[in-house]
Amino acid sequence: FKMYFYFSLTGCVTCLDHDEHYILTFPNAYGRQVNALIGIFIFNALSILTVPWIELGGECSISCSKTGYNASIVFHTKPFYGGKKHRITAEIFSPNDKKPFCSIEGEWNGVMYAKYSTGENAVFIDTKKMPTIKKKVRKLEDQDDFESRCLWKDVTYNLKIRDIDAATAAKH
């Protein structure tokens, strides 16, 4: 089967040390599971033997109005035959440049490699070696009514206690 979650989401990340604001868009999320093609019928024969996964796909961007730097990012979906999951490519541009000074490729949940316009190649980032950093979130009583954690607190609570009916009711 295929499930598609399409959304248009834009976020802002602030680098407090440099007073820089980065506007970014996000990829689509796809629910995936292996299907087998038998004759002219698509049959989920492998469905009971495989684990579904969420796959990211589509184009994104990151830009900083203060510095003028920007990046174009593509999350590649796995082809039906062969290929790898979780592939990513990106190009990073200096202000007012049409040609990237850095190209990146690899896996968004693994190792990404950079190729610079100087010819230098290097590991850009290895996400598996990165430490987990605890999020800093304001207390619920300090949030406005429509901030995410405040808005979804009843749904989250009911999901944690495994009360699906109450979680569903809390969404309305």
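## Helices, strands and the ground rules

Helices (H or I, at least four residues) and strands (E, at least two) are DSSP runs, numbered from the N terminus.

What you're looking at is a predicted model, where local features need pLDDT of at least 70 and side-chain atom pairs count only at pLDDT 80 or more, while totals for chains, interfaces and linings use all residues. Residues are numbered from 1 along each chain as its sequence is written, and side-chain values use heavy atoms, with hydrogens and water left out.

## The chain as a whole

How many helices and strands does the chain have? There are three helices and 12 strands. Of the chain's 172 residues, 22% count as buried. Here buried means under 20% relative accessible area, exposed means over 50%, and partly exposed is in between (1.4 Å probe, protein chains only).

The chain exposes about 13300 Å², and carbon and sulfur atoms supply 59% of that area. Accessible areas come from the Shrake-Rupley method with a 1.4 Å probe; for residues, only the protein chains shown count as cover. Now for contacts, meaning heavy atoms within 4.5 Å. Taking those in the chain between residues at least 6 apart in sequence, 26% join residues at least 24 apart.

Cys-64 lies in strand S7 (residues 53-64). Is Cys-64 buried or exposed? Its relative accessibility is 2%, so Cys-64 counts as buried. Leaving out residues up to four places away in sequence, Cys-64 touches Glu-20, His-21, Tyr-22 and Tyr-69. Take Tyr-22: Cys-64 and Tyr-22 are 42 residues apart in sequence, yet their C-alpha atoms are 4.7 Å apart in space.

His-21, one of the residues that Cys-64 touches, belongs to strand S3. His-21 is partly exposed because its relative accessible area is 37%. Again not counting residues up to four places away in sequence, His-21 touches Cys-12, Val-13, Thr-14, Ser-63, Cys-64 and Ser-65. From His-21 to Ser-65 you'd count 44 residues in sequence, but the C-alpha to C-alpha distance is 7.3 Å.

## Loops and positive phi

Most residues other than glycine have a negative phi. Asp-19 has a phi near 50°, a positive value in a residue other than glycine. Asn-96 isn't a glycine either, and its phi is positive too, at about 65°.

Where is Asn-96 found? Look in the loop between S9 and S10. Asn-96 counts as exposed because its relative accessibility is 80%. Ser-94 is also in the loop between strand S9 (87-93) and strand S10 (102-107). Ser-94, however, has a relative accessible area of 15%, so it is buried. Apart from neighbours within four places in sequence, Ser-94 is in contact with Gly-68, Tyr-69 and Phe-101.

## One salt bridge

Side chains of opposite charge can pair when their charged atoms come close. A salt bridge is a side-chain nitrogen of Lys or Arg within 4 Å of a carboxyl oxygen of Asp or Glu, and this structure holds one. Which residue pairs with Glu-147? The partner is Arg-138, and the closest N and O atoms are 2.6 Å apart.

Glu-147 counts as partly exposed because its relative accessibility is 24%. Arg-138 comes in at 47%, so it counts as partly exposed. You'll find Arg-138 in the loop between strand S12 (121-126) and H1. Not counting residues up to four places away in sequence, Arg-138 touches Gln-143 and Glu-147. Arg-138 and Arg-149 are 11 residues apart along the chain, with 9.3 Å between their C-alpha atoms.

## Patches on the surface

Patches are made of residues with over 30% relative accessible area and no salt bridge: like charges are joined within 9 Å, and nonpolar side chains (Val, Leu, Ile, Met, Phe, Trp, Tyr) within 5 Å. Lys and Arg count as positive and Asp and Glu as negative, while His and the chain ends are not counted. The place of a charge is taken as NZ of Lys, CZ of Arg, CG of Asp or CD of Glu.

Lys-134, Lys-135, Arg-149 and Lys-160 form a positive surface patch. Lys-160 is in helix H2 (residues 153-160), and with 68% relative accessibility it counts as exposed. There's a nonpolar patch on the surface as well: Phe-146, Leu-151 and Trp-152, with about 370 Å² of accessible area together. Trp-152 sits in the loop between helix H1 (148-151) and H2, and is partly exposed at 39% relative accessible area.
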